[in-house]
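Reader: I'd like to go through a few labels with you and hear what stands behind each. Shall we take them one by one?

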Amino acid sequence: MLRVLYTDQDIIVAVKPAGVESQAARKFAPDMISEIRKYLVINKMCTPGKEPYVGVIHRLDKPVSGVMVYGRTKKAAAVLSEQVQNRRMEKIYDAVVCGKPVNNVDNYVDYLLKSVDGNYSQVVDKGITGAKRAELSFETVETKETEEGPFSLVRIRLKTGRHHQIRVQFAHHGLPLYGDTRYNPAPGAGPLALCAVSLSFSHPTTGKSMTFSMDPQGGVFEWFDAGKK
């Protein structure tokens, strides 16, 4: 069942579960677009017999859960997309990293290069052809000591939106995400511990400031007192 946080004639805000594509998926895999259309039809929130419009504004990697907003009209989608481009849409993530950050509050600035097949990114030197600037800031919420070493819950403010940015930057700085089978050589036995916990933007029609949030669920997030609200 789709978890909807808010909807009106212009937008719909919903929680994307881990393992579900943000946009239309190939073949018969579940995706958010199909789920939102189904929700609108079932709840009679669209014109009967006409497929409802659902505009993609931003994306989350398939293994990442979190809050997302979609446009219900082309005009609303265009306005929200402009906010993303102008960095006026604030995205906050919670993640569990393997290790303990040197500084409780820090800022990472790196240059990322995407592989030719689009499946992998890596940190490279500034000036490399195709490299894009990637920036994020974070604070350490809690660190838990275990027999396998320390694990830390961090809250991240994404300042740019690059391919696999959070996963790549933290791995590069020696703090790979728990459950990351792509960038962590010892990922652990659970799912990727990354969740988009908060999304803030201006309503595309009224201009009203809106913020929607959720608590990360399950997995290693349950290890931390901060995640047991």
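Reader: Why is Cys98 called buried?

Author: First, a caveat: this is a predicted model, where local features need pLDDT of at least 70 and side-chain atom pairs count only at pLDDT 80 or more, while totals for chains, interfaces and linings use all residues. Residues are numbered from 1 along each chain as its sequence is written, and side-chain values use heavy atoms, without hydrogens and water. Now, buried means under 20% relative accessible area, exposed over 50%, partly exposed in between (1.4 Å probe, protein chains only). Cys98 has 17%, so Cys98 is buried.

Reader: And what makes Cys46 partly exposed?

Author: Its relative accessible area is 21%, so Cys46 counts as partly exposed.

Reader: Why is Gln165 called buried?

Author: Gln165 has a relative accessible area of 3%, so buried is the word. Gln165 sits in helix 3 (residues 165–172); a helix is a DSSP run of H or I with at least four residues.

Reader: What joins the side chains of Gln165 and Thr160?

Author: A polar contact of 3.0 Å. The term covers a pair of N or O atoms within 3.5 Å; within protein, one must be able to donate a hydrogen and the other to accept it, and residues adjacent in sequence count only if both atoms are side-chain atoms. The Gln165 side chain also reaches the backbone nitrogen of Arg162, at 3.0 Å.

Notes: Helix = DSSP H or I, 4+ residues; strand = E, 2+ residues; numbered from the N terminus.
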